[in-house]
Amino acid sequence: MGRTRGRASMLIAAAASVAAGVSLLPVASASAATAAPVVDQQTRATFQRLADAVLTDRTDALVDGARGARKKSLSSGFSGAVKLSAAMAGSEKHVLSSLEQRKARLAALGEKYSKGNTVVTLDNTRVQGGKAEVKVTETTTLTYKKVSGDEPATTGFQAHHALTFTADKRGDWQLTGIRNTDADAPEAVNQPAQPAPAAKPAKARGTRAGDTPDAPRSNTNRWGIPANNKNLNGAAYDYRAMAAYAETYWANYNTNYPNFNGHADGGDCTNFVSQSLKAGGWKHAPGRVDDYDKWFGNNEIQSHSFIGVNEWSWFAQNSKRTTPLASVYQMDVGDVLQMDFDRDGAKDHTMIVSFRGGDGMPYMTYHSVNTWRRSLASIIASDWNAYYYAYRT
């Protein structure tokens with residue numbers, strides 16, 4: 001999660017560059033090689049450019065024809081270059097290969113991209129000894145290639161990463177690691193598959209722990225499933241208002257609510273979906289915050305069911321405000337999808353449908369990896385091992 005700016009591919013040439021001994025950008029003078037490295041403005045700019053190149057290469061692996069369009073070297077215009085380590089270069093080569101396989105899976109599901117654009121901004125740099133942790137925000141837009149003809153124009157997301165740079169004995173920096181820092185979120189489409197997280201039980205924090213029904217899992221087979229379309233006109237809820245809210249605040253958070261993105265105990269996904277449902281007519285059910293028969297939220301106070309993944313599911317079923325769907329591909333605008341990444345029975349992530357194609361493809365918008373109109377096919381192709389739970393609202 002290609003670029004049309006003609007920027008470099010670092011990844012195929014990186015190992016050769018290391019072997020050839022291409023000069024690196026020093027962080028300290030040769031006479032001070034034993035001193036603690038110093039990261040100046042030029043070095044930080046090069047950190048940012050390398051992060052941008054690595055993540056752009058990942059996006060390019062998903063776009064038809066993009067990888068053949070790279071011409072420049074990343075170090076062009078620099079006196080030296082901060083580089084990938086040899087091990088990291090080999091790892092990224094494997095990443096690109098896995099993403100090209102994902103591209104083939106997406107094509108089999110009827111999805112292709114004609115163009116991509118990735119921009120990376122540097123958020124902060126922390127240096128300790130010979131290591132630097134560089135945190136960046138990636139903003140990627142992918143243009144849908146028209147296959148069935150009714151796809152949205154684009155999909156986009158914001159993801160956050162921490163890169164580790166290690167200084168060698170000469171005080172030159174090499175990229176030695178990169179990890180995504182968004183908690184409890186599906187993998188971005190240009191993010192390599194990660195090992196399944198350790199299993200964890202559902203947390204029953206409220207007073208109704210004995211009345212927490214498990215939602216039935218939904219099938220992920222796209223073919224041969226009745227559409228089960230919604231009536232969006234004259235319904236009890238304003239589903240278009242739900243979608244409009246989600247697409248308005250997917251990247252620019254509504255300051256009338258708290259922002260839980262980046263919190264250690266979970267992200268902002270369910271809080272965001274609850275806000276969208278509220279915008280479409282879901283009414284508060286006031287009471288104790290830890291009672292799963294209650295649901296309410298504003299900037300001052302939120303029920304567990306308003307912000308918690310499993311708690312929302314328990315409320316939605318107890319209140320009869322939702323009904324389960326047999327297939328995830330039956331979802332329509334305003335419906336909700338939850339994921340259990342590690343199949344341990346505790347749901348991990350919540351999303352809302354903000355668009356549905358004429359061919360029946362639902363497109364999801366969500367927080368924690370802020371994402372706009374990502375196709376359900378893309379999510380399943382990236383997280384095919386997860387369990388899915390679809391709710392008709």
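Reader: Where does S368 lie in this chain?

Author: S368 sits in the loop that links β9 to β10 (370-375). This is a predicted model, and what follows should be read as such.

Reader: What is the phi of S368?

Author: The general idea comes before the case. Most residues other than glycine have a negative phi, and most peptide bonds are trans. In this model S368 has a phi near 65°, a positive value in a residue that is not glycine. V369 also has a positive phi, about 70°, and is likewise not a glycine. V369 belongs to the loop between β9 and β10 too.

Reader: Are S368 and V369 buried or exposed?

Author: The cut-off for buried is under 20% relative accessible area. S368 is at 0% and so counts as buried. V369, at 1%, is buried as well.

Reader: How much of the chain is buried?

Author: Of the 393 residues in the chain, 52% are buried. The accessible surface comes to about 16,500 Å², with 51% of it belonging to carbon and sulfur atoms. In terms of secondary structure, there are 8 helices and 11 strands.

Reader: How should I read strand pairing, and which strands pair with β8?

Author: In a regular strand the side chains alternate between the two faces of the sheet. Strand β8 has a partner in β7 (residues 336-340), antiparallel over 4 bridges, and another in β9 (residues 362-366), also antiparallel and joined by 4 bridges. On the β9 side, R356 faces P362. β8 and β9 make a hairpin with 5 residues between them, and G360 in that turn has a positive phi of about 95°.

Reader: How many residues of β8 are buried?

Author: The count is 7 of the 8 residues in β8 (residues 349-356), so the strand is largely enclosed by the rest of the structure.

Reader: Which strands form the hairpin with 2 residues between them?

Author: That hairpin is made by β2 and β3, and its G129 takes a positive phi near 65°. β2 (residues 112-128) and β3 run antiparallel, with 15 bridges joining them. One of the pairs is T121 with T137, the latter in β3. Y144 also belongs to β3 (residues 131-145). Y144 and Y113 are 31 residues apart in sequence, while their C-alpha atoms are 4.6 Å apart in space. With a relative accessible area of 4%, Y144 is buried.

Reader: Turning to helices, at what angle do α4 and α5 pack?

Author: Two packed helices are described by the angle between their axes and the distance between the axes. For α4 (residues 239-249) and α5 (residues 269-279) the angle is about 140° and the axes are 7 Å apart. That makes the arrangement of α4 and α5 oblique. The crossing is right-handed. The residues that meet are A241, M242, Y245, A246 and Y249 from α4 with F272, Q275, S276, L277 and A279 from α5.

Reader: At what angle do the axes of α2 and α3 cross?

Author: The axes of α2 (residues 41-60) and α3 (residues 86-108) cross at roughly 30° and come within 9 Å. α2 is therefore roughly parallel to α3. At this contact, V54, D57 and R58 of α2 meet E92, V95, L96 and L99 of α3.

Reader: How many residues of α7 are buried, and what covers them?

Author: α7 (residues 309-318) is mostly covered, with 9 of its 10 residues buried. Among them are W312, W314 and F315. The cover includes α5, α6 (304-307), β7, β8 and β11 (387-392). Just after α7, K320 has a positive phi of about 65°.

Reader: Where is G297, and what is it in contact with?

Author: G297 is in the loop between α5 and α6. Apart from neighbours within four places in sequence, G297 contacts Y257, K278, H284, Q302 and F306. G297 and N271 are 26 residues apart along the chain, with 8.4 Å between their C-alpha atoms. The relative accessible area of G297 is 0%, so G297 is buried.

Methods
Residues numbered from 1 in each chain as written. Predicted model: local features only at pLDDT ≥ 70, side-chain atom pairs only at ≥ 80, totals over all residues. Heavy atoms only, no water. Buried < 20%, exposed > 50% of the residue type's maximum accessible area, 1.4 Å probe, protein only. Areas by Shrake-Rupley, 256 points an atom, 1.4 Å probe, with all protein chains shown as cover. Pairing = 2+ DSSP bridges. Axes fitted to C-alpha atoms, helices over the stretch in contact; angles between N-to-C directions. Parallel < 35°, antiparallel > 145°, perpendicular 65-115°, else oblique. Left-handed = near helix turned anticlockwise from the far one by under 90°. Contact = heavy atoms within 4.5 Å.
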